[in-house]
Amino acid sequence: MPELTFGPVSRTTLALYAGASGDHNPVHIDIDFAKKAGLPDVFVQGMLSFGVLSRVATQWAGVDRLRGFGVRFASITQVHDAISCKGTITEVYEEAGERRARVEVVATAQDGRQTLRGEAVVALP
């Protein structure tokens with residue numbers, strides 16, 4: 001399954017995503033607010049990271065064949081992180097009259113820190 005890379009994530013990307021998604025939580029776009037909250041800087045919205053990782057499965061199989069997708073947030077994706085997203089087929093099985101693949105998905109920052117990990121289920125052709 002092809003690897004997908006995203007970033008480095010810029011402050012502009014965070015601001016644009018906030019506008020598009022309606023997620024205007026200041027910890028994602030206001031460095032002063034983030035520092036007052038005890039954080040070193042703003043950080044990436046969880047759903048932005050989730051959306052990027054979901055592209056591993058949808059670009060490989062197509063959105064119409066996606067049957068399930070879930071992840072756990074493992075660590076914060078920081079502003080300026082470059083993320084590498086990978087998918088590995090862990091099982092092929094039949095369900096509901098379809099051949100399906102269970103795919104382990106993981107997003108990893110440039111320093112080797114896993115930021116998200118989870119599973120996609122796709123219908124195979």
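Helices (H or I, at least four residues) and strands (E, at least two) are DSSP runs, numbered from the N terminus. By that rule, valine 92 sits in strand E3, residues 83–95. The model is a predicted one: local features need pLDDT of at least 70, side-chain atom pairs count only at pLDDT 80 or more, and totals for chains, interfaces and linings use all residues. Residues are numbered from 1 along each chain as its sequence is written, and side-chain values use heavy atoms, with hydrogens and water left out.

**Overall build**

- The protein has three helices and five strands.
- Their order along the sequence is β-α-α-α-β-β-β-β.
- The C-alpha trace spans about 55 × 30 × 20 Å along its principal axes.
- Contact means heavy atoms within 4.5 Å. Of the contacts with a separation of 6 or more, 60% join residues 24 or more positions apart.
- Of the 125 residues, 38% are buried. Buried means under 20% relative accessible area, exposed means over 50%, and partly exposed lies in between (1.4 Å probe, protein chains only).
- The protein exposes about 6800 Å², and carbon and sulfur atoms supply 53% of that area. Accessible areas come from the Shrake-Rupley method with a 1.4 Å probe; for residues, only the protein chains shown count as cover.

**Nonpolar core**

- In soluble globular proteins, nonpolar side chains tend to be buried together.
- A nonpolar core is a set of buried Ala, Val, Leu, Ile, Met, Phe, Trp, Tyr and Cys residues joined through side-chain atoms within 4.5 Å.
- The largest such core holds 26 residues; Leu14, Leu53, Cys85, Val105 and Val122 touch the most other members.
- Helix H3 (46–61), strand E2 (66–73), E3, strand E4 (98–109) and strand E5 (114–123) each supply at least two residues of this core.
- H3 gives the most, with six residues.
- Leucine 53 is in contact with Phe69, Val71, Cys85, Val105, Val106, Ala107 and Leu116, leaving aside neighbours within four places in sequence.

**Aromatic pair**

- The structure holds one aromatic pair.
- Phenylalanine 50 and phenylalanine 69 have ring centres 5.2 Å apart and planes at 90°, so the pair is edge-to-face.
- The pair links distant parts of the chain: phenylalanine 50 is in helix H3 and phenylalanine 69 in strand E2, 19 residues apart.
- Rings of Phe, Tyr and Trp (its six-membered ring) pair if their centres lie within 6.5 Å; planes under 30 degrees apart count as stacked, over 60 as edge-to-face and the rest as tilted.
- Phenylalanine 50 has a relative accessible area of 22%, so this residue is partly exposed.

**Salt bridges**

- Side chains of opposite charge can pair when their charged atoms come close.
- A salt bridge is a side-chain nitrogen of Lys or Arg within 4 Å of a carboxyl oxygen of Asp or Glu. The whole structure has eight salt bridges.
- Arginine 11 and aspartate 41 form one of them, at 2.8 Å from N to O. Arginine 11 lies in helix H1 (residues 11–21) and aspartate 41 in the loop between helix H2 (31–36) and H3, so the pair ties together parts that are 30 residues apart in sequence.
- Arginine 11 is partly exposed at 39% relative accessibility, whereas aspartate 41 is buried at 14%.
- Arginine 102 forms a salt bridge with glutamate 91, with the closest N and O atoms 2.8 Å apart. Arginine 102 lies in strand E4 and glutamate 91 in strand E3, so the pair ties together parts that are 11 residues apart in sequence.
- Arginine 102 is partly exposed at 22%, and glutamate 91 is partly exposed at 34%.
- Aspartate 111 and arginine 113 meet in a salt bridge at 3.2 Å, N to O. Aspartate 111 counts as exposed at 51%, and arginine 113 as partly exposed at 23%.
- Salt bridges that share partners join Arg67, Glu95, Glu98 and Arg100 into one network.

**Surface patch**

- Met1, Trp60, Ile89 and Val92 make a nonpolar surface patch of about 320 Å².
- Patches are made of residues with over 30% relative accessible area and no salt bridge: like charges are joined within 9 Å, nonpolar side chains (Val, Leu, Ile, Met, Phe, Trp, Tyr) within 5 Å.
- Valine 92 is partly exposed, at 46% relative accessibility.

**Threonine 115**

- Threonine 115 lies in strand E5 and is buried, at 1% relative accessibility.
- Leaving aside neighbours within four places in sequence, the contacts of threonine 115 include Arg72, Phe73, Ile83 and Ala107.
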